[in-house]
Amino acid sequence: MDHRVVNRAGQTCVELTSGAFLACEGDAVEITGLCNGVGANFLMLRDGNLSSDFFDLKTGLAGAALLKWSNCHIRAAAVVSLEWIGAGRFHEFALEINRGRQFYLNEDIESAEKRLHKLDIL
(Lines give C-alpha, C1' and ligand atoms only; values in the text may rest on other atoms or scores of the structure.)
Protein backbone atom coordinates (compact mmCIF):
# COMPACT_ATOMS: atom_id res chain seq x y z
CA MET A 1 0.00 0.00 0.00
CA ASP A 2 1.41 3.37 -1.03
CA HIS A 3 2.28 5.53 1.95
CA ARG A 4 4.88 7.73 3.54
CA VAL A 5 6.03 7.90 7.13
CA VAL A 6 6.50 11.34 8.67
CA ASN A 7 7.45 12.55 12.12
CA ARG A 8 5.46 15.44 13.52
CA ALA A 9 6.06 16.79 17.00
CA GLY A 10 7.72 13.55 18.03
CA GLN A 11 4.85 11.40 16.77
CA THR A 12 5.17 8.88 13.95
CA CYS A 13 2.46 9.28 11.33
CA VAL A 14 1.58 7.15 8.32
CA GLU A 15 0.07 9.13 5.48
CA LEU A 16 -1.59 7.16 2.73
CA THR A 17 -0.68 8.50 -0.70
CA SER A 18 -2.86 8.68 -3.77
CA GLY A 19 -2.07 5.06 -4.71
CA ALA A 20 -3.55 3.68 -1.47
CA PHE A 21 -7.23 2.76 -1.29
CA LEU A 22 -9.41 1.51 1.57
CA ALA A 23 -12.07 -0.58 -0.15
CA CYS A 24 -12.58 -3.56 2.15
CA GLU A 25 -11.91 -4.80 5.67
CA GLY A 26 -8.73 -6.50 4.46
CA ASP A 27 -7.36 -3.09 3.47
CA ALA A 28 -8.04 -1.83 7.00
CA VAL A 29 -6.06 -4.81 8.35
CA GLU A 30 -3.20 -4.02 5.96
CA ILE A 31 -3.17 -0.35 7.02
CA THR A 32 -3.16 -1.42 10.69
CA GLY A 33 -0.19 -3.68 10.04
CA LEU A 34 1.57 -0.90 8.19
CA CYS A 35 1.14 1.48 11.14
CA ASN A 36 2.24 -1.14 13.65
CA GLY A 37 5.24 -2.06 11.50
CA VAL A 38 6.67 1.45 11.65
CA GLY A 39 5.50 2.22 15.18
CA ALA A 40 3.01 4.84 14.03
CA ASN A 41 0.30 5.92 16.41
CA PHE A 42 -1.32 8.25 13.90
CA LEU A 43 -2.81 7.72 10.45
CA MET A 44 -3.73 10.41 7.91
CA LEU A 45 -6.13 9.61 5.07
CA ARG A 46 -7.71 11.65 2.34
CA ASP A 47 -11.06 11.17 0.65
CA GLY A 48 -9.20 9.82 -2.38
CA ASN A 49 -8.03 6.93 -0.18
CA LEU A 50 -11.57 5.98 0.79
CA SER A 51 -14.01 4.03 -1.34
CA SER A 52 -17.65 5.04 -1.57
CA ASP A 53 -18.38 2.00 0.66
CA PHE A 54 -16.60 3.77 3.52
CA PHE A 55 -19.21 6.54 3.34
CA ASP A 56 -22.11 4.08 3.08
CA LEU A 57 -22.68 2.95 6.66
CA LYS A 58 -24.72 -0.07 5.54
CA THR A 59 -21.52 -1.73 4.30
CA GLY A 60 -19.92 -1.64 7.77
CA LEU A 61 -16.54 -0.69 6.29
CA ALA A 62 -16.12 2.54 8.28
CA GLY A 63 -17.05 0.83 11.54
CA ALA A 64 -14.74 -2.15 10.92
CA ALA A 65 -11.78 0.07 10.02
CA LEU A 66 -12.27 2.41 12.98
CA LEU A 67 -12.61 -0.52 15.36
CA LYS A 68 -9.35 -2.07 14.14
CA TRP A 69 -7.48 1.20 14.48
CA SER A 70 -8.97 1.91 17.88
CA ASN A 71 -8.06 -1.55 19.18
CA CYS A 72 -4.46 -0.96 18.08
CA HIS A 73 -4.36 2.57 19.59
CA ILE A 74 -4.00 4.22 16.21
CA ARG A 75 -5.61 7.63 16.03
CA ALA A 76 -6.68 8.60 12.55
CA ALA A 77 -7.90 11.60 10.64
CA ALA A 78 -9.40 11.80 7.19
CA VAL A 79 -9.39 14.94 5.12
CA VAL A 80 -12.64 14.80 3.17
CA SER A 81 -14.75 17.31 1.30
CA LEU A 82 -18.09 18.48 2.65
CA GLU A 83 -19.67 16.68 -0.29
CA TRP A 84 -18.92 13.37 1.46
CA ILE A 85 -19.39 14.48 5.07
CA GLY A 86 -22.69 16.18 4.37
CA ALA A 87 -24.40 13.18 2.82
CA GLY A 88 -27.24 11.50 4.78
CA ARG A 89 -26.49 9.15 7.66
CA PHE A 90 -22.77 9.57 7.22
CA HIS A 91 -23.15 13.19 8.30
CA GLU A 92 -24.62 12.01 11.62
CA PHE A 93 -21.81 9.50 11.97
CA ALA A 94 -19.23 12.22 11.28
CA LEU A 95 -20.69 14.49 13.95
CA GLU A 96 -20.58 11.66 16.49
CA ILE A 97 -17.04 10.45 15.80
CA ASN A 98 -15.64 13.98 15.76
CA ARG A 99 -16.70 14.26 19.42
CA GLY A 100 -14.34 11.44 20.37
CA ARG A 101 -10.56 11.22 20.47
CA GLN A 102 -9.90 8.36 18.05
CA PHE A 103 -10.95 9.39 14.55
CA TYR A 104 -11.63 12.77 12.97
CA LEU A 105 -13.07 14.01 9.72
CA ASN A 106 -11.83 17.39 8.58
CA GLU A 107 -12.15 19.51 5.46
CA ASP A 108 -8.44 20.28 5.13
CA ILE A 109 -5.08 18.98 6.32
CA GLU A 110 -4.39 22.07 8.41
CA SER A 111 -7.60 21.61 10.39
CA ALA A 112 -6.85 17.94 10.95
CA GLU A 113 -3.34 18.61 12.23
CA LYS A 114 -4.43 21.59 14.32
CA ARG A 115 -7.21 19.64 16.01
CA LEU A 116 -5.01 16.66 16.76
CA HIS A 117 -2.20 18.90 17.98
CA LYS A 118 -4.66 20.67 20.30
CA LEU A 119 -5.57 17.34 21.83
CA ASP A 120 -1.89 16.51 22.36
CA ILE A 121 -2.17 13.59 19.96
CA LEU A 122 0.06 14.91 17.21
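Student: Why is Glu113 called partly exposed?

Tutor: Buried means under 20% relative accessible area, exposed over 50%, and partly exposed in between (1.4 Å probe, protein chains only). Glu113 has a relative accessible area of 22%, so Glu113 counts as partly exposed.

Student: Where is Glu113 found?

Tutor: Glu113 is found in helix α6; helices (H or I, at least four residues) and strands (E, at least two) are DSSP runs, numbered from the N terminus. The C-alpha atoms of Glu113 and Phe103 are separated by 12 Å, and the two residues are 10 apart along the chain.

Student: What should I know about the model itself?

Tutor: This is a predicted model, where local features need pLDDT of at least 70 and side-chain atom pairs count only at pLDDT 80 or more, while totals for chains, interfaces and linings use all residues. Residues are numbered from 1 along each chain as its sequence is written, and side-chain values use heavy atoms, with hydrogens and water left out.

Student: What makes the radius of gyration agree with a compact globule?

Tutor: The radius is taken over C-alpha atoms, and the globule rule is 2.2 Å times the number of residues to the power 0.38. For 122 residues a compact globule would have a radius near 14 Å; the protein chain has 13 Å, so the two agree. The C-alpha trace spans about 35 × 30 × 25 Å along its principal axes.

Student: How many helices and strands are there, and in what pattern?

Tutor: There are six helices and five strands, and along the sequence they follow β-β-α-β-α-α-β-α-α-β-α.

Student: Which residues of helix α3 are buried, and what do they pack against?

Tutor: In α3 (residues 61–71), the buried residues are Leu61, Ala62, Ala64, Ala65, Leu66 and Trp69. Those residues pack against α1, β3 (42–46), α2 (52–55), β4 (75–79), α5 (88–97) and β5 (103–106), where contact means heavy atoms within 4.5 Å. Just after α3, His73 takes a positive phi of about 60°.
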